[in-house]
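The following exercises concern a single protein chain.

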Amino acid sequence: ELRTWSQTVTPEILFCHGDYCLPNALVHDGRISGVVDWSLGGYADRRVDLAAGVWSVRHNLKDDRYVMTFLKAYGYEEPEERLRPFKLLQKLA
């Protein structure tokens, strides 16, 4: 499934965090004021960070309502289902 999918995706490569999750986000007055632990930072498809972030929001907050808030704040406008292959890749890593 991933091999077939990889031939159809248009890469969105940029510098990514590599472990974008709630424990690595610093929040002040309800806004992200910083992101720490860049040890896995490097060039990757931005949806890798989004998949990790979605997992973290679900795992830490236990409420799917925050997933859409997270995706909108990040500027991601595609349906969440489009992140599924990136979630599968994350499990392989």
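**Exercise 1. Confidence of the model**

Task: Determine which element has the lowest mean pLDDT and which the highest.

Solution: The model is predicted. Its average pLDDT is 90, and 100% of the residues score at least 70. Among the elements, helix α1 (residues 2–6) has the lowest mean, 83. Strand β1 (residues 13–16) has the highest, 95.

**Exercise 2. Packing of α2 and α3**

Task: Describe how helix α2 and helix α3 pack, and state which residues meet.

Solution: Two packed helices are described by the angle between their axes and the distance between the axes. For α2 (residues 46–61) and α3 (residues 65–74), the angle is about 150 degrees and the axes are 9 Å apart. Angles over 145 degrees count as roughly antiparallel; α2 and α3 are therefore roughly antiparallel to each other. The crossing of α2 past α3 is right-handed.

Next, consider the contact itself.

**Exercise 3. The setting of Ser 33**

Task: Decide whether Ser 33 counts as buried or exposed, and identify what Ser 33 touches.

Solution: Ser 33 belongs to strand β3 (residues 31–35). Its relative accessibility is 54%. Exposed means over 50%, so Ser 33 counts as exposed. Leaving aside residues up to four places away in sequence, Ser 33 touches Leu 26, Val 27 and His 28.

Key: Residues are numbered from 1 along each chain as its sequence is written. This is a predicted model: local features need pLDDT of at least 70, side-chain atom pairs count only at pLDDT 80 or more; totals for chains, interfaces and linings use all residues. Side-chain values use heavy atoms; hydrogens and water are left out. Axes are lines fitted to C-alpha atoms, for helices over the stretch in contact, and angles run from 0 to 180 degrees between N-to-C directions. Helices (H or I, at least four residues) and strands (E, at least two) are DSSP runs, numbered from the N terminus. Angles under 35 degrees count as roughly parallel, over 145 as roughly antiparallel, 65 to 115 as roughly perpendicular and the rest as oblique. A crossing is left-handed if the near helix is turned anticlockwise from the far one by less than a right angle, and right-handed if clockwise. Contact means heavy atoms within 4.5 Å. pLDDT is the predictor's confidence in each residue, from 0 to 100. Buried means under 20% relative accessible area, exposed over 50%, partly exposed in between (1.4 Å probe, protein chains only).
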